[in-house]
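Please keep the sequence and the structure in view while reading.

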Amino acid sequence: MGITRTDWSERYTEGRGFRRLGDEEKGLLVEHASAPEGGRALDVGCGAGEMSVYLASLGYTVDGADFAEGALEQARADHPDAQVRWLCLDIERDDPAPLGNDLYDLVVFRLSVAFLHDRTRVLHALGRRLREGGTMLIITPLAAHTPAEKRGIALDEKEIAALTCGWTSVQRIAAGDGLAALVLRGPCADTVAVERSVPATGYAVAGALAVVTDEHGRVLLGWSKRGMWEAPGGKIDGAEPLDGAGVRELAEETGLHATGASVVSILTDAAQGVPRVTAVIRIAGFTGTLTTAEPQKFTRWEWHDPHGLGCLGPVFTPAANALAAVWPGVIPGLPPGNAYPTPAEPPPVPGEPGS
């Protein structure tokens, strides 16, 4: 289940200590994120407010957001005169309306991004709240310098690759004491359909990809060990039904069990000279808990906003084509291929209009 809002609040009310803001962190803020005149900053996961107050001292108008009321109570007590607007907000799940409509020049995640599940979706959503030329700054512990029992607070290299994918400019800076700072700008790098480096074998390849959405209409994609986003799926096993292949692969890779599935399109193209046929399987519903069931293949699974699928960076070509078969035009500039929609009307899907 993970750490809840109540758990975090109790940590602050019990007076547990957290890593103080270091001089190297302050220095990189001055060098890479100095406040423009009238600049606005958002400190996500602000905790007891040390970063928020420092940003205010640099000249920013600051919103400090945390999902734990206990953290904000501590921030108000520690910094009674701070020119910071404190917001109790779960940036991943709550309605972002309290942030308002004004754009930010800087969004900071200090020691907090590892606790997000759908990191890519959250970062790109906040990226759309940046002014042109604005900066997303992430300060995170590195897994290589973190004890195994605290692995959940840190990111490894593959997680960092997934997190920074889809940004036009990515700069990485050592921030001292096992920390890395990621300076991100340009939150909408084009999605590019890419192939795997190892070519397919055989005279032809037949596979099935599952397109599954949650109750909010967000689509599931995994960051693979190949360094690209992929949909659940794989090769068809013998005379296996197309929809059965998609359902099986979904369960094997994610731990989710489909409660309904239908073939919505058949795609044909070629990879490294090998003809390829891909069935697009629309999952009507599912049970189970999302997990990285095949860690040798995938680093993590995340739910993505369909409106942001054009800004993901590398996506496996069949997956990109499958997404475009369900949401035409969502990914421009796809390589040549053919799509043959099935005549059957797919069942209603949670999260979609009319379902």
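At roughly what angle do the axes of helix H2 (residues 23-32) and helix H3 (residues 50-57) cross? The two axes cross at roughly 40° and come within 12 Å. This is a predicted model, in which local features need pLDDT of at least 70 and side-chain atom pairs count only at pLDDT 80 or more, while totals for chains, interfaces and linings use all residues. Residues are numbered from 1 along each chain as its sequence is written, and side-chain values use heavy atoms, with hydrogens and water left out.

**Terms for strands, helices and angles**
- Helices (H or I, at least four residues) and strands (E, at least two) are DSSP runs, numbered from the N terminus.
- Two strands pair if DSSP finds at least two bridges between them.
- Axes are lines fitted to C-alpha atoms, for helices over the stretch in contact, and angles run from 0 to 180 degrees between N-to-C directions.

**The helix pair H2 and H3**
- H2 and H3 are therefore oblique to each other; angles under 35 degrees count as roughly parallel, over 145 as roughly antiparallel, 65 to 115 as roughly perpendicular and the rest as oblique.
- H2 passes H3 in a right-handed crossing, where the near helix is turned clockwise from the far one by less than a right angle.
- Lys26, Leu29 and Val30 of H2 and Met51, Tyr54 and Leu55 of H3 make the contact, which means heavy atoms within 4.5 Å.
- By class, this contact of H2 with H3 has five nonpolar, no polar and one charged residues; Ala, Val, Leu, Ile, Met, Phe, Trp, Tyr, Cys and Pro count as nonpolar, Asp, Glu, Lys and Arg as charged, and the others, Gly among them, as polar.

**The sheet of seven strands**
- This open sheet has the order E3-E2-E1-E4-E5-E7-E6, with mixed pairing.
- Its edge strands, E3 (84-88) and E6 (169-176), each pair on one side only.
- Strand E2 (residues 61-66) pairs with E3 in the parallel sense over five bridges, and glycine 64 has tryptophan 86 in E3 as its bridge partner.
- Helix H5 (residues 119-127) packs on the sheet and touches E1 (40-44), E4 (104-110), E5 (130-141) and E7 (179-185), its direction making about 145° with that of E5.
- Helix H6 (residues 157-164) also packs on the sheet, touching E5, E6 and E7, and its direction makes about 20° with that of E7.

**The sheet of five strands**
- The order of this open sheet is E12-E9-E14-E13-E17, with mixed pairing.
- Here the edge strands are E12 (233-235) and E17 (338-341), each pairing on one side only.
- Strand E9 (residues 205-211) and E12 run antiparallel and are joined by three bridges; in E12, glycine 234 is the bridge partner of alanine 208.
- Helix H7 (residues 242-254) lies across E9, E12, E13 (257-271) and E14 (274-287), running at about 105° to E13.

**The disulfide**
- The count comes to one disulfide, defined as a pair of cysteine sulfur atoms within 2.5 Å.
- Cysteine 188 is joined to cysteine 311, with an S to S distance of 1.8 Å.
- Cysteine 188 lies in the loop between E7 and E8 (192-194) and cysteine 311 in the loop between E15 (298-304) and E16 (314-316), so the pair ties together parts that are 123 residues apart in sequence.
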